[in-house]
Amino acid sequence: MKCEICKNKIPEIFLKKILGTVIKDEKGKKHYVCSDCQKAHSSKEKLLEQMN
Ligand SMILES: [Zn+2]
């Protein structure tokens with residue numbers, strides 16, 4: 001699993017849970033974000049902007 005913003009690998013904890021978050025865009029597509037990028041951007045909208 002890679003972060004879609006910084007392209008770093010997201011560490012997995014147990015049971016396929018990742019150390020980060022999954023956000024859905026307006027089309028319902030899932031995007032993976034690491035915890036560092038999640039902390040750096042305050043809202044889901046800002047995170048999605050970083051991917052474009
Ligand atoms: Zn990241």
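User: Which residues make up the largest nonpolar core?
Analyst: The largest nonpolar core has 7 residues in all: C3, I5, I10, V33, C34, C37 and L47. A nonpolar core here is a set of buried Ala, Val, Leu, Ile, Met, Phe, Trp, Tyr and Cys residues joined through C-beta atoms within 7 Å. A residue is buried if 20 or more other C-beta atoms lie within 10 Å of its own, exposed if 12 or fewer, and partly exposed in between, with C-beta atoms placed from the backbone. In soluble globular proteins, nonpolar side chains tend to be buried together.

User: Before we go on, what kind of model is this?
Analyst: It is a predicted model, in which local features need pLDDT of at least 70, side-chain atom pairs count only at pLDDT 80 or more, and totals for chains, interfaces and linings use all residues. Residues are numbered from 1 along each chain as its sequence is written.

User: How many helices and strands does the protein have?
Analyst: There are 2 helices and 2 strands, and along the sequence they follow the pattern β-β-α-α. The radius of gyration is 10 Å, close to the 10 Å from the globule rule for 52 residues, so the protein is as compact as a globular protein of that length. That radius is taken over C-alpha atoms, and the rule is 2.2 Å times the number of residues to the power 0.38. Helices (H or I, at least four residues) and strands (E, at least two) are DSSP runs, numbered from the N terminus.

User: What does the C-alpha trace span along its principal axes?
Analyst: The span is about 30 × 20 × 15 Å. Of the 52 residues, 15% count as buried.

User: Is N8 buried or exposed?
Analyst: N8 is exposed, because 12 other C-beta atoms lie within 10 Å. This residue is also in the segment before β1. Not counting residues up to four places away in sequence, N8 touches K2, C3 and C34.

User: What about the phi of K7?
Analyst: K7 has a phi near 70°, a positive value in a residue other than glycine. Most residues other than glycine have a negative phi, and most peptide bonds are trans. K7 lies in the segment before β1, which covers 20–24, and is exposed, with 8 other C-beta atoms within 10 Å.

User: Changing topic, how many bridges join β1 to β2?
Analyst: There are 5 bridges between β1 and strand β2 (residues 30–34), and the strands run antiparallel. Two strands pair if DSSP finds at least two bridges between them. Across this pair, the bridge partner of V22 is Y32 in β2, while I23 stands opposite H31 in β2.

User: What lies between the two strands?
Analyst: They form a hairpin with 5 residues between them, and G28 in the turn has a positive phi of about 85°. K27 is found in the loop between β1 and β2, and K27 counts as exposed because it has 5 C-beta neighbours inside 10 Å. K27 and K7 are 20 residues apart in sequence and 22 Å apart in space, C-alpha to C-alpha.

User: Last one: which residues does K30 touch?
Analyst: Not counting residues up to four places away in sequence, K30 touches V22 and K24. K30 is in strand β2 and is exposed, with 9 other C-beta atoms within 10 Å.

Definitions and conventions
Contact = placed C-beta atoms within 7 Å.
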